[in-house]
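These are my notebook entries on one structure. I set down what I looked up, entry by entry.

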Amino acid sequence: MSTTQPKDYKSTIRLPQTSFPMKGDLNIKEPEMIKVWDEKKIYHKMLEKNQSGKSFTFQDGPPYANGNIHIGHALNKTLKDIVVKYKSMKGFKTQFIPGWDCHGLPIEHKVMKDLTDKKLVKTDQEILALCRAEASKWVEQQRIQFKRLGILADWENPYLTMAHDYEAEEVREFARAYERGVVYRGERPVYWNWTLKTALADAEVEYHMHKSPSIYVKFEVKDAKSLATLGSPKGKTYFVIWTTTPWTLPANVAIALHPDFEYGVYSTGDDNIVVAKGLSDAFAKEVGYNLNLLSTHQGSDLESVVATHPFIDRTSRIVLGQHVSLDAGTGAVHTAPGHGADDFKVGLRYNLPVLCPVDDSGKFTEEVPEWQGMNIFKANPLIIEKLKSLGVLIKMQEIEHSYPHCWRSKTPLIFRTTPQWFLGIDLEQSNIRKKTIEQIETIKFVPEWGKARFTAMMENRPDWCLSRQRIWGVPIPIFYCIATAEPLVDHEVMMKVADVIEKKGIEGFHSTPTVEFLGSKKYELKTDNLKNKIKNSDKFGSEGFRHGKDILDVWFDSGVAHAAVQKKRMGESGPADIYLEGSDQHRGWFNTSMLSSMATTGHAPFKTLLTHGFVMDPQGRKMSKSLGNVVDPNEVSSKSGAEIVRLWAASGDYGQDVACGKDEIARVTEAYRRLRNTMRYLLGSVSDFDPKKDKVAVSQMPELDQWALNELYELMEKVEAAYESFDFYKVYHALNQFCTVTLSAVYLDVLKDRLYTWKVDGVPRRSSQTVIYYMLESLMGMMAPILSFLAEESYSHYAFKSKDSIFLTEFPKASSDWKNPGLKEKFASLIEVRTEVQKVLEGLRTQKVIGASLEAQVDIAAPTEKYKALTGFKGLREFLIVSDVKVKEGEFAIKADKAPGEKCVRCWTYSTQISSTGDHAGICPKCIEALT
């Protein structure tokens, strides 16, 4: 027993010392860091650092300048920021010019609605100014919100599709596409928003459930020759069609059959009908008919047959089409070339008239006098009633089915034939579709499933309708003859238009007289329509020309960023290294970027296409205010910190839809706390370490330290591979696992005694600090692209920093000296034993035999191999954090008990050799050695 009162050894304990705070206060500190990044121009210094390095071209897909950012925006921009920061730290010159999509319907619609509500009338120029102001307001708002997420970019000089230089380059791209022969003017059915009076492209269409009348209608065959082809059935004979768009019947000119299907002439008892045999049973059951087969005919044999329109004095001829299916209906398809894509294709083949008796507001024209001026959807019941009164309606019922809607206004759309400008993807001279599909083979897709999806979109898409009937957008640089209404399309004129727009914006096009663009030159009529050429050539230009009023599809705006930004702003002539957007952009920006680039350059605008999923709530539902399941990134940033949003964005596998809710935010918040505590501990542990004089060579390190460095080596290899393959969730999980398990649960837990109580300048303590020094540098660099604020804050408290920012350092590289895979298996066995020891000690705690593990002694019996590993490891007692350990060979067993001796007042280890006198009273031999 000690006879001398132990002195206070507190001052001899080396606890971690750091100014790095335990509490994050991210909502306060993050804006301060962002301000410093701005003041020190960190983004620009990143570029300067790598000025002579290889370029990594990253093209930002522009969000629409309309409303605050949502969680999907946060996911997208954070993923982009991770790539940019990683590539920059790897030494690549990585420009990131953020962009905004500024033209288009939603902004114009908002401005016009405000004017209507206030009963104000404005000129076109005033409306353009209001649209520009509305877009500018949201650009600034979103810029602030994106910056708040810690995104480093050229925020002072973003690209805006409404900037004069961008608008001008877009006009030039259209001119180049026309010069290459891929742009044409044609009349064909396009998706039409009748409430907004404009055409839409495929990318602007989404499908929702919609209620429609489903009707079966009889078309009588009266022609004797046609009846003979059908086997001369007795009684009236009809083809039966099925449609869910009764309003298109006034435009019917044909009935399509499949050439390979068999069609039956059936007696109903009252008359005869013709339907596909493959659908006859289902049809009969649905309408309540008893059918008796009279004759069978191959579809291809009925091509000469003619039927009559049910309520218009017009024939409806039988045509053949591969689009006819046996999925539903009768196998006889109502065909109106003015109102359907397949119908139009068949119509071209058979030279059918293209009737479109519907105006731009969705009302019948004078071509349908009975319902002239009536909205087509309101006319549906009247058309059905007329069919019924004429005895040609077999059945009508209302069905709910998937129907095209405008993705902005949510209006149900119609197909309507109008003269529009198209980018042709199957034109003989260009073959863009074929060449695009060939180019897809050269592109890397992340995830790989993107390739099949993108290819399918390209294989099945129609020609791209480029024109829109709006005002807020880049004008199609074409003028129209006042006398003939024929277009004047000239490459040189288009380039003059672009030059004017570059100086004055799109407003300059509208305000500049046509003569300034056209001069006194006489222009020839260019048209593929021989009839129009003969009729209008002499009159063309005789009364002058007027400005065209159509604008370019906003998808063309953003799609030509490869020319307006990559080439013009970044100075990169080749394809971008990566485009990164959500999965909806396979039919949107990815699609239109690809086609516009193929049209003007003949190659893809990107080398890699990275696709992320949508953000859903934890139940897999879309987020909506009505469901109350919206997670607002701005709110999370203001309360918990943007770092939480960033960590969430990196934590999930974006190759599928990503869940976000309270639990997901709470989970990453807890992970952040663990990571922060780890960084704080590491910083504090090297407070008295100077790498220039205190570093210990790996060969001199204890095995535990060598094992820890091998674990760090493997982590760094894994993390770098994950960044390279864009698997950011693997980076998150690897860092989290390393800090939580390898460090907190094992290495740092074991190390505390050595760091706190061992000889300050002794090799074992300096060895552990050397390892921590390497870990600190490596972890800060590895986490920086994702945990940007934590890495920067840690770096600001790092005594050995040499740059203004962590982002100006090189991405950490693992030293080959750290690699020691032979220790992995050994320590796996040691950790396994340690886990079992901890279970036994926990039992002693429950029984109140011990409190802390240092109050225990452990006896271990182990089979030969494990016995050798345990006895061959110097430091087993410290590794198990007990006061004494004995190992013997035998069947594996662990026994623990209260350790003998007294508790060392300095390190709390129990020993039978505690000093009782002098300067070292109350401490163990290990502590005496540490203090001498």
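Helices and strands are DSSP runs, numbered from the N terminus. I note at the outset that the model is predicted.

**Entry 1: V358**

I looked up where V358 lies, and I found it in the loop between α9 (341–350) and α10 (376–389). Is V358 buried or exposed? Its relative accessibility is 2%, and a residue under 20% is called buried, so V358 counts as buried. I then listed its contacts, leaving aside neighbours within four places in sequence; among them are W247, H339, F364, I414 and R416. I also checked V358 against G559, which is 201 residues away along the chain, and their C-alpha atoms are separated by 31 Å.

The charged end of R416 sits over the ring of W192, 4.6 Å from the ring's centre.

**Entry 2: S280**

I located S280 in helix α8, which covers residues 277–287. S280 counts as buried because its relative accessibility is 5%. Residues up to four places away in sequence aside, I found that S280 touches Y266, V275 and L291.

**Entry 3: Helix α3**

I asked what span helix α3 (residues 71–89) should have. At 1.5 Å a residue, its 19 residues should span 27 Å, and the end C-alpha atoms are 27 Å apart, so the two values agree. I noted that α3 is mostly covered, with 19 of its 19 residues buried. Just after α3, G91 takes a positive phi of about 100 degrees. K87 lies over the face of F92, at 5.1 Å from the ring centre.

**Entry 4: Aromatic pairs**

How many aromatic pairs does a search of the whole structure find? The search finds 41. I examined F479 and F509: their ring centres are 5.7 Å apart and their planes are at 45 degrees, so the pair is tilted. This pair links distant parts of the chain, with F479 in strand β20 (residues 479–481) and F509 in helix α14 (residues 506–511), 30 residues apart. F479 is buried, with a relative accessible area of 0%, and F509 counts as buried at 0% relative accessibility.

I turned next to W707 and F827, whose ring centres are 5.1 Å apart and whose planes are at 15 degrees, so this pair is stacked. W707 lies in helix α24 (residues 703–724) and F827 in helix α28 (residues 822–846), so the pair ties together parts 120 residues apart in sequence. Both W707 and F827 are buried.

Lastly, I recorded a cluster linked by ring pairs: F689, Y773, Y774, Y795, Y798, F800 and W818.

How values were computed:
Residues are numbered from 1 along each chain as its sequence is written. This is a predicted model: local features need pLDDT of at least 70, side-chain atom pairs count only at pLDDT 80 or more; totals for chains, interfaces and linings use all residues. Side-chain values use heavy atoms; hydrogens and water are left out. Helices (H or I, at least four residues) and strands (E, at least two) are DSSP runs, numbered from the N terminus. Buried means under 20% relative accessible area, exposed over 50%, partly exposed in between (1.4 Å probe, protein chains only). Contact means heavy atoms within 4.5 Å. The expected span of a helix is 1.5 Å times one less than its number of residues. Rings of Phe, Tyr and Trp (its six-membered ring) pair if their centres lie within 6.5 Å; planes under 30 degrees apart count as stacked, over 60 as edge-to-face and the rest as tilted. A charge sits over a ring if NZ of Lys or CZ of Arg is within 6 Å of the ring centre and within 35 degrees of the ring normal.
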